Every structure is written in structure tokens, then in C-alpha cells.
Amino acid sequence: MVSSNSVKHVAATIVLVLLLGAATRAFAAEEVVLIVSARSSIGQLDSPLVRRLFLGLTVTQHGSRLRPVLNEADAQIKELFLQNIVSMSDSTYDRYLLRLSLQQGRTQPTVYKSESELIDAVAAEPATVGYAWMRDVAHNPRVRVLRVVWHD
Amino acid sequence: MGCMRHADLFGTPRCRRAAALFALLGFLGAHPALAQHEHSSSEFEVFVAAEGLAGHGQPHPREDDPWVDADVIFGLTHGQFRVFGEYFITSEEHDLERFQMGYEVVPDTMVWLGRFHQPASAWDTEHHHGRYLQTAITRPAIENWEDEEGLIPQHITGALLESRRPLGSESGLQINGGIGAGPAVANGETEPITLVGSNPGKHGLSMTGRLAYLPEYVGNSSAGLLWGHDQLFVRNPLALAKLGSNHATLGIYGAYADWSVDAWRFIGTWYYVDVELDPPTRDESFMTGYLQVERQLPHHLTAFSRIEDSSRMQESRYVALFDDHSSDIDVMLRRQAAGLRWDYARRQALTCELSHAVSLFERATEVRVQWSAAIP
């Protein structure tokens with residue numbers, strides 16, 4: 001015969017495992033990834049090249065000029081972009097882009113305040129490169145993940 | 001009526017050309033869809049500033065001290081082609097300062113045709129006419145524009161090469177060179193070719209270049225060598241009498257560094273200017289330089305200080321050409337300036353600057369306060 005203490009132990013263990021599993025799933029989802037269209041032929045981009053791209057300089061691959069787009073759907077992803085992709089503060093990055101406009105008329109990257117709109121823009125244009133939360137693009141067949149740029 | 005009188009280089013009245021330009025600006029600004037097109041994108045920025053000036057020794061603000069100005073930047077990129085312009089508007093003047101049509105031969109190498117800022121000025125090619133990106137309110141006197149009694153020609157109409165090449169894994173090399181028609185010498189200033197006005201006088205050949213080392217390919221620091229060769233023809237009898245020569249050939253040799261280390265930034269430039277004049281007038285030369293130090297502080301504050309100095313400028317007939325003996329400070333020999341900038345909001349700043357200047361015939365102490373911004 002099974003004692004009530006044993007039942008309690010088993011139930012507590014199951015609850016703990018479920019909680020841990022949920023926490024692990026949430027933990028794993030905290031990743032920012034570089035994305036391109038599923039139709040895009042863009043291959044791997046190393047960190048210096050990605051930085052150069054988002055700092056407004058010309059980056060080409062397979063004869064195609066890549067176009068960066070900025071994700072400002074939430075404050076956290078903007079902060080992670082500044083820290084992990086361009087390695088600049090918000091004001092320094094803004095001034096850097098303004099300088100390029102002033103000096104050479106270079107176009108600043110398009111800013112998206114909505115992640116779904118950004119994903120649509122990336123999916124529609126094979127030369128566009130963006131970044132998004134992994135959880136938002138992991139099961140989206142229209143975009144392809146190039147690599148993880150930040151994980152918790 | 002004024003429109004009918006100002007037929008110019010392209011045979012189009014000035015007002016009509018200005019109207020066409022503003023129509024283009026409006027088109028670029030009002031059509032964000034253009035920016036979303038598959039291979040086209042456009043850029044439109046306006047840098048605005050308003051300034052107050054007080055002091056003694058210089059009772060009248062100069063033309064380069066308008067109480068308000070706007071610097072309109074517009075650009076259109078289609079694949080490797082780019083059209084780009086800068087239109088500067090003050091209460092006293094408005095001019096198409098730059099208008100360039102370019103082709104990006106390889107990534108980060110542009111070949112431009114049009115009117116551009118000569119690349120041998122490290123300050124002017126960094127800040128151009130927009131004041132928001134310039135920490136101090138004033139620019140060093142040797143970097144002044146032609147209509148501010150600037151001694152070195154700054155606007156050339158011709159061809160410009162701008163190239164940035166990788167050097168090793170992180171560094172870069174910047175190679176810029178320009179060739180074209182430079183300014184003519186009038187009384188009190190040089191007059192570059194203007195794209196929206198008439199161009200009296202003979203405009204000689206200007207060649208200018210810069211070779212710079214970039215410790216980071218996409219960083220903010222650089223250091224390098226500057227070179228310029230300008231043939232300036234005198235178009236004004238009064239200037240001819242002052243200079244004693246029909247033309248002057250400037251040979252400009254310089255070095256500069258614009259270096260950022262953590263919260264510090266150092267901007268220093270030194271020029272040696274050789275002036276060849278027609279015999280029997282003797283050739284002459286002078287030297288000038290400046291060092292500006294900036295320090296970022298907490299609360300979005302930046303402190304700055306600049307020292308400017310020169311040698312043999314007061315002995316130069318060429319330099320004397322730019323002084324009209326008015327009560328204004330025309331040609332500055334020395335200046336010490338210090339100030340504080342507060343970036344109190346996104347793309348907006350307040351700056352206060354105190355300076356003491358010594359010119360050929362005057363001394364002045366000034367306090368300036370400026371609001372500057374970038375829109376949008």
C-alpha cells in the first residue's frame with residue numbers, strides 16, 4: 001500500500017519538473033537572431049560584417065547590396081542590438097548615422113516599431129537583413145535564421 | 001523681378017532653380033514610399049541652429065553668425081548611384097553648398113561629380129554646415145568658409161574620389177582626392193563657383209587630397225596627411241592692388257588627428273600654407289593650427305576647450321586681403337575657446353561657449369549660446 005507521504009512526494013516532484021520545464025522553455029526563447037528572407041541567398045555574415053552593415057556602410061554578398069532594418073518593437077531588443085551588434089550607446093549610434101547622412105547622403109536603416117511588420121519586410125525582400133526574438137521567428141517559414149546574436 | 005536678372009551658369013533664373021530644388025526636397029521628404037522601393041532609398045535631414053552672441057571688441061555679428069540657420073541634407077540612392085545635396089539657409093543667405101552625383105565603384109569607394117567640400121579640411125568634411133554634430137559653436141578660423149573670410153578654398157566644382165579600404169583585420173585606410181574649379185579672389189573673400197547664381201571671374205584649378213589611417217574601419221578616430229594646390233585668380237582691382245599680383249597659388253600641407261579615447265576626444269590640425277605670387281611680389285608662407293579637447297561628462301554634458309594659433313599670418317599680403325578694416329573680427333590670428341554642451345533631449349542640444357580672439361587689428365571676448373537640433 002502506498003503511503004500518502006509518497007503520493008505527496010511524487011506530486012511535488014512532478015510539479016517541480018513541470019515548472020523547471022516551463023522555465024527552461026522560457027529561458028531558451030530568450031535569444032535574438034539575425035534573420036533574412038527564406039528566399040534569400042545570403043549566407044553567413046560574421047560579426048564585423050554585421051556591424052559594418054548596421055553602421056550604414058556598404059555590404060554586398062553574391063553581387064547583392066544588403067539592406068539593414070532596425071527592430072525597435074520593444075526597448076529590450078533595441079538595447080540588445082546596441083550592445084551586441086553595433087557596440088555603441090543609443091546616442092552615439094544615432095550621431096554616427098547622422099554623420100553618414102551629412103557626409104555622404106547615405107540612407108539610414110529603416111526603423112520598424114512592430115515586429116510583425118519587420119518580419120514581413122524581411123520576408124518580402126531577399127537583400128534585407130534584420131533581427132528579432134527567436135520565439136517570434138522560429139516557426140515562420142517565410143524567414144530564415146542566420147545566427148544567434150545574443151542569448152540569455 | 002530679381003528672378004529675371006539672375007540668369008546664371010545653366011541659363012535658368014535663380015528663383016526658378018531654387019523653386020525646382022525645393023520641389024525636389026519636398027518630393028523626397030513627402031514620399032517615404034520611395035525609401036521602401038526595392039532598390040531605391042532616400043534620405044532627408046534638416047540640421048537647425050539658433051544662436052545668441054554677446055561680447056565686446058566685436059559689436060556686430062558677422063555673416064557667419066546668423067541668429068538662425070537650417071542645413072537641409074537630401075540624398076537619393078538607387079543601386080550604386082547616389083545623388084546628394086546640402087542646402088544651407090540663413091536669414092542672410094541661402095546657397096546650394098554641395099550637390100554631388102556619384103557612383104559606388106566598389107563598396108565604400110565613391111566617385112562623385114559636382115560641387116563638394118574639399119577633402120583636405122578634416123573639420124569641414126566632418127561637420128559641413130550642420131551645427132548639431134559639431135560640439136563647439138564656432139569652427140576654427142582656418143576652417144572658415146569662403147564667405148566668412150576663410151583663407152583656404154573649401155568648395156570645389158569637379159570630381160571627387162572617396163575611398164575607404166580595409167587595412168588588416170580591423171583598421172582602414174581613407175583615401176580622398178578632389179580636382180576641379182576653385183574660387184576666384186574678390187576683395188575681402190574668395191568666391192567659389194555657385195550652382196544657383198552667377199560666377200564672375202576666372203576660376204583656377206584646385207587639387208586637394210587626404211590620406212588617413214583609421215584604427216577601426218567603422219570607428220570615429222582617424223589621423224592623416226592633408227594636401228592642397230589651388231590656383232586663385234584675382235577678379236577685383238582693389239584686391240589686385242592689395243595683393244600686387246594677378247593670381248596666387250596656394251600650396252597647402254597639413255596633418256590632422258581626430259582621436260577618441262573613452263570619454264575623451266582630441267581634434268588637432270596643423271597647416272603650412274605656401275603662397276606663390278607673381279613677380280616682383282615676393283612669395284610668402286604662414287602656419288596655423290588648432291587643438292580641441294572634448295570630455296564627455298555625466299548627465300549628457302560635454303565640456304570642450306580649443307586653442308588656435310598661427311605664425312607669420314600678420315606679415316602675409318594674401319591674408320591681409322581678407323581684412324576689410326571694419327570693426328569685425330575678419331582674420332583671426334589666435335583664439336582660446338571653452339564651453340559646455342548639454343544634449344538635453346534626443347537630437348537637441350544647448351551649448352554655451354566663451355572665447356577670446358586676437359585678429360590682425362582687433363581683440364574680442366565673446367559669449368555665445370546656441371540651440372541646435374537635427375530633424376526628424
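This is a predicted model: local features need pLDDT of at least 70, side-chain atom pairs count only at pLDDT 80 or more; totals for chains, interfaces and linings use all residues.
Chain A has 6 helices and 7 strands. Reading from the N terminus, their order is α-β-α-β-β-β-α-α-β-α-β-α-β. Of the 152 residues in the chain, 30% are buried. If we take the contacts in chain A with a separation of 6 or more, 73% of them join residues 24 or more positions apart.

Let us now turn to the meeting of the two chains. Here 21 residues of chain A are in contact with 22 residues of chain B. On the chain A side, two elements give two or more residues each: helix H2 (47-54) and helix H4 (90-104). The most comes from H4(A), with 8 residues. Sorted by class, this side of chain A holds 5 nonpolar, 10 polar and 6 charged residues.

We may look at H4(A) in detail. Its 15 residues, at 1.5 Å a residue, should span 21 Å, and the end C-alpha atoms are 21 Å apart, so expectation and model agree.

Which residues of H4(A) are buried? They are A:Tyr93, A:Leu97, A:Ser101, A:Leu102 and A:Gln104. Within chain A, the buried residues of this helix pack against helix H3 (75-86). In chain B, they pack against strand S1 (40-56), strand S2 (68-78), strand S3 (81-90) and strand S5 (109-117).

Notes:
Residues are numbered from 1 along each chain as its sequence is written. Chains are lettered from A and ligands numbered from 1 in the order in which they are written. Two residues are in contact if their C-beta atoms, placed from the backbone, lie within 7 Å. Helices (H or I, at least four residues) and strands (E, at least two) are DSSP runs, numbered from the N terminus. Ala, Val, Leu, Ile, Met, Phe, Trp, Tyr, Cys and Pro count as nonpolar, Asp, Glu, Lys and Arg as charged, and the others, Gly among them, as polar. The expected span of a helix is 1.5 Å times one less than its number of residues. A residue is buried if 20 or more other C-beta atoms lie within 10 Å of its own, exposed if 12 or fewer, and partly exposed in between; C-beta atoms are placed from the backbone.
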